[in-house]
Amino acid sequence: MLCRQQWIAMVLLCVCVLAAPADAQSRRERAVARDLTAGAAAYEDGMYSAAQRFFEDALKRANDPDQIREATLWLVRALYRRSRHEAVLDILDTDRLEEAEPALRQVYRFWRARSQYARGSYEQVIEELNAVEPAVLEDAEAAQRLRMFGRSYARTQRHESALRVFEMFDRNYPEDPEAPDNLLDWAGSLIDLDRLGEAEALLRRLIEAFDTTRASQTARLWLGVMLVDRDDLEEAREVLDALIERETLPSDWAAEAWYAVARIEEVGGDFELALDALVTGQEGTREQAVVNRGRLLRARVLFRMGAWEEGIVLLERVISAIPGHEVSAQAQLELAGALLEQERYSDALEAYQHYLEAFEDDEGRANALLGRAWTLLGMRRPIEAASSFEKAYALHPGLMERQQALFKVADSYFQSRQFARAREEYLLMTKVFPGSDLIPLALFQAAECLARQRKVEEAISEFRAIEDAFPASQYAEQSAMRIGGLNEEISEWERAITAYNRLMQGYPGGPMYADALHRRGLIRYRLGLFQEALADFERVVEKFPQAASAEQAFYMRGWCLYLLGENEAALTVSDAFIQRFPHSTWTPDVLFWLASYHYNQGLFVEAERRFLEVTDAHPDGALGDISLYWAGRAAMEQEEYLKAIDHFNRLAKEYPNSAKMPEVRFAQGDTLSQLGEFSGAILAFEEVIRRYPDRRLAVLAWGRKGDCHFTLGNEDPARYDEAMVAYQAVLDSPTASNGAKLQAEYKIGRCHEKTGDAAEALARYLQVVYEYVHNRDARGPEATIWFTRAAFTAASMREAEGDRASAINLLERVVEANVPAAPDAERRIQKIRGDLGAVPAA
């Protein structure tokens with residue numbers, strides 16, 4: 001048996017053996033506890049890196065569930081304070097969440113939400129916090145939960161949910177340190193919802209209750225801006241001045257307050273004071289982002305002042321100062337917009353492209369794509385514009401912007417005349433946005449696409465459907481108007497009149513009424529119903545003097561009166577038109593018509609004056625050169641040849657490329673010949689022949705050149721040879737009329753007669769006579785004149801040579817031709833016979 005001492009020894013041995021593990025566990029727990037205590041102290045002292053190491057050591061040693069829980073939560077806090085949000089999410093991963101008991105799992109989710117919030121992942125914040133009950137959190141953490149909820153709802157545009165949370169926080173934690181910030185966020189969401197009255201009340205409450213907080217300073221700034229926006233400039237200035245005077249106001253906030261003061265001056269129209277305020281704000285802060293915002297605002301003021309180049313330089317400084325910053329991004333967009341506004345399309349396109357390459361914000365990129373598309377439209381590159389609008393439509397978060405972008409996709413294809421594709425896009429827009437205000441216009445444009453494809457009846461049907469579906473829309477009346485226009489395009493005049501009648505009956509007070517009445521008048525004019533057309537035009541002028549169509553209606557009254565034979569009334573109306581619409585596109589036509597009327601009436605002095613009035617008043621118009629030509633012709637009719645030359649010379653100088661130049665050179669030759677300047681006239685005719693050989697005038701110029709040489713032959717007989725060369729050119733011309741050729745033949749005869757070659761002269765005269773007699777198809781007024789002259793001249797020559805029988809025979813050819821000179825030929829025959837007694841017929 002064992003003695004007592006042995007038993008005691010064995011018991012002690014067992015106790016020691018059994019106590020060893022318990023002792024080790026106790027030491028481990030004590031070490032973990034020391035780490036936790038040290039880590040907590042370091043955390044309290046703000047030494048989060050050291051605290052992190054203590055908590056990590058504790059977590060490595062701990063095997064007690066409570067200590068593991070405590071170490072994990074402390075480590076998460078330390079990492080959060082060090083902004084190691086990815087590390088927090090790694091520690092509190094899915095596995096750890098699943099292992100934790102329900103209450104602890106919710107705490108872990110709370111800290112995951114805080115890290116997600118710090119990362120800006122607001123959707124994930126909302127998801128995490130929805131799984132956290134406030135009861136499992138400490139009071140301060142429960143308050144933080146509500147703050148994160150509210151802000152995350154606000155940042156994801158769920159403002160109504162945000163408002164409920166802000167109100168709950170305000171009710172449950174009115175004394176919380178974040179109460180002022182909660183009121184500020186609450187007011188911000190109300191501003192986003194355009195509930196400005198409620199927002200203003202919250203801002204005033206915040207300023208009154210928490211006057212010394214930074215949130216109250218922001219509230220004063222917001223309130224000041226809000227007052228500026230509603231034109232309450234006096235109170236706005238008071239609020240902002242009070243804010244600026246605060247010595248404790250941070251410099252960047254003082255700058256923002258000055259920027260708001262600048263808005264007051266800008267709204268008041270004092271742009272110089274606005275610029276001064278912006279410069280004062282900039283100079284008071286060293287915060288580069290705030291300085292750049294001031295430059296951005298200065299650029300906007302400069303643009304309003306028309307100082308585009310100076311504003312553009314400022315924007316370029318903003319962009320280069322902090323590349324990639326939010327203000328730089330905004331400046332880049334505004335720079336591109338300013339260049340677009342100035343129609344510097346290439347520079348604008350480059351600026352928008354730079355934004356797309358440098359910045360990743362979806363809304364900003366979508367706006368850049370929109371600007372790029374508008375720029376491409378300005379450059380007349382609609383296909384590329386369509387592609388850019390389409391990308392903006394896919395990317396933009398704004399509903400109105402997306403609607404506009406998709407609509408402009410269709411418009412771009414329409415502009416490029418791809419009407420089938422444009423129609424598809426317009427109809428797509430109506431399906432994607434069925435409640436859009438653009439639906440009537442999209443359907444109108446879709447119908448117009450059919451019209452442009454010459455599918456007239458289908459287009460008319462769709463325009464009628466728009467009338468029925470949207471009777472209160474402006475596009476209903478426009479559709480009715482378009483139906484009338486389409487019927488005009490296919491010459492369905494009666495259907496068009498019916499359509500316009502229907503429009504006037506259905507929309508008696510509508511903006512299209514005057515145009516419909518006017519269009520009906522134009523159709524009636526086209527159909528020759530001048531009295532009815534006149535009545536329509538009179539109604540337009542009398543009842544709708546401000547309508548766009550009133551001007552043409554006034555103009556058409558004159559034509560109707562003229563065609564009705566009421567010349568004096570037409571003249572009166574035309575003169576009245578010029579007085580009332582001196583800058584009308586039709587005024588040159590009216591002036592020209594008045595001048596032509598006086599010319600045709602033989603009132604050449606008045607005609608010349610009015611033709612010159614057309615040119616002087618509208619030198620760049622289509623009638624400038626033509627009117628100057630006819631002014632010269634009117635002067636010629638007055639035998640004011642020097643004035644005529646001046647008009648023709650002016651035309652050649654001011655309109656060297658005028659289509660009237662051949663006539664001008666010819667008229668110059670004619671005028672010079674009337675002045676006896678035959679050598680100068682010959683030069684003018686030669687220029688016509690040389691420069692316009694294929695024109696009918698070239699043939700006439702050959703003839704007139706021959707006439708000038710013929711006249712000069714009195715002093716220089718060699719000129720007769722030159723004249724015959726010119727006349728022979730007429731005879732050889734394949735384009736010369738029969739009358740011109742008979743004239744040339746006759747005048748060659750005259751040249752031979754002048755040079756003493758009577759036989760050749762007679763032969764030429766006889767050629768004229770017999771050509772006329774035997775070629776009945778070529779007879780005309782001009783040919784008749786030269787036939788008559790040739791017959792009488794040849795008869796005189798035969799009579800002078802004593803061959804009176806031949807003379808009578810030639811004269812009888814005139815009688816037989818029954819030309820206007822036939823009675824004169826009869827009397828001449830009788831005279832010859834009377835002088836000789838009876839002369840037997842040949």
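The structure is a predicted model, in which local features need pLDDT of at least 70 and side-chain atom pairs count only at pLDDT 80 or more, while totals for chains, interfaces and linings use all residues. Residues are numbered from 1 along each chain as its sequence is written, and side-chain values use heavy atoms, with hydrogens and water left out.

Two cavities of 30 Å³ or more are present. A cavity is a set of points, on a 1 Å grid over the protein atoms alone, where a 1.4 Å probe fits but cannot get out; a pocket is an open set with protein on both sides within 12 Å along at least five of seven lines, and lining residues have an atom within 4 Å of a point. Grid points are joined across faces, edges and corners, and a volume is the space filled by probe spheres set on the points.

The lining of the largest cavity consists of Phe554, Tyr555, Gly558, Trp559, Tyr562, Ser574, Phe577, Val590 and Trp593. Two or more of these residues come from each of helix H30 (550-563), helix H31 (567-580) and helix H32 (587-600); helices (H or I, at least four residues) are DSSP runs numbered from the N terminus. H30 supplies the largest share, five residues. Seven lining residues are nonpolar, two are polar and none is charged, where Ala, Val, Leu, Ile, Met, Phe, Trp, Tyr, Cys and Pro count as nonpolar, Asp, Glu, Lys and Arg as charged, and the others, Gly among them, as polar.

H31 has 14 residues, which at 1.5 Å a residue should span 20 Å, and its end C-alpha atoms are 20 Å apart, in agreement; the expected span is 1.5 Å times one less than the number of residues. The buried residues of H31 are Ala570, Leu571, Val573, Ser574, Phe577 and Ile578, buried meaning under 20% relative accessible area, exposed over 50% and partly exposed in between (1.4 Å probe, protein chains only). These buried residues fall within an arc of 165° seen down the axis of H31, and therefore line one face of the helix; the arc is that of the directions from the helix axis to the C-beta atoms. Glu568, Thr572 and Gln579 are exposed on the face of H31 turned away from its buried side.

The largest pocket has a volume of about 680 Å³. Of its 18 lining residues, Leu221, Trp222, Glu256, Arg293 and Glu326 lie nearest the centre. Helix H12 (214-229), helix H14 (251-267), helix H16 (288-304) and helix H18 (326-341) each give two or more residues to this lining, and H14 gives the most, with six. By class, nine of the residues are nonpolar, three polar and six charged.

The volume of the second largest pocket is about 410 Å³. Its lining comprises 14 residues, with Tyr355, Asp361, Asp362, Glu363 and Gly364 nearest the centre. H18 and helix H20 (362-378) are the elements that contribute two or more residues. Six nonpolar, three polar and five charged residues make up the lining of the second largest pocket.

The structure holds zero disulfides (pairs of cysteine sulfur atoms within 2.5 Å). For Cys708, the nearest cysteine sulfur, that of Cys751, is 12 Å away. Cys708 is buried, with a relative accessible area of 1%, and Cys560 is buried at 0% relative accessibility.
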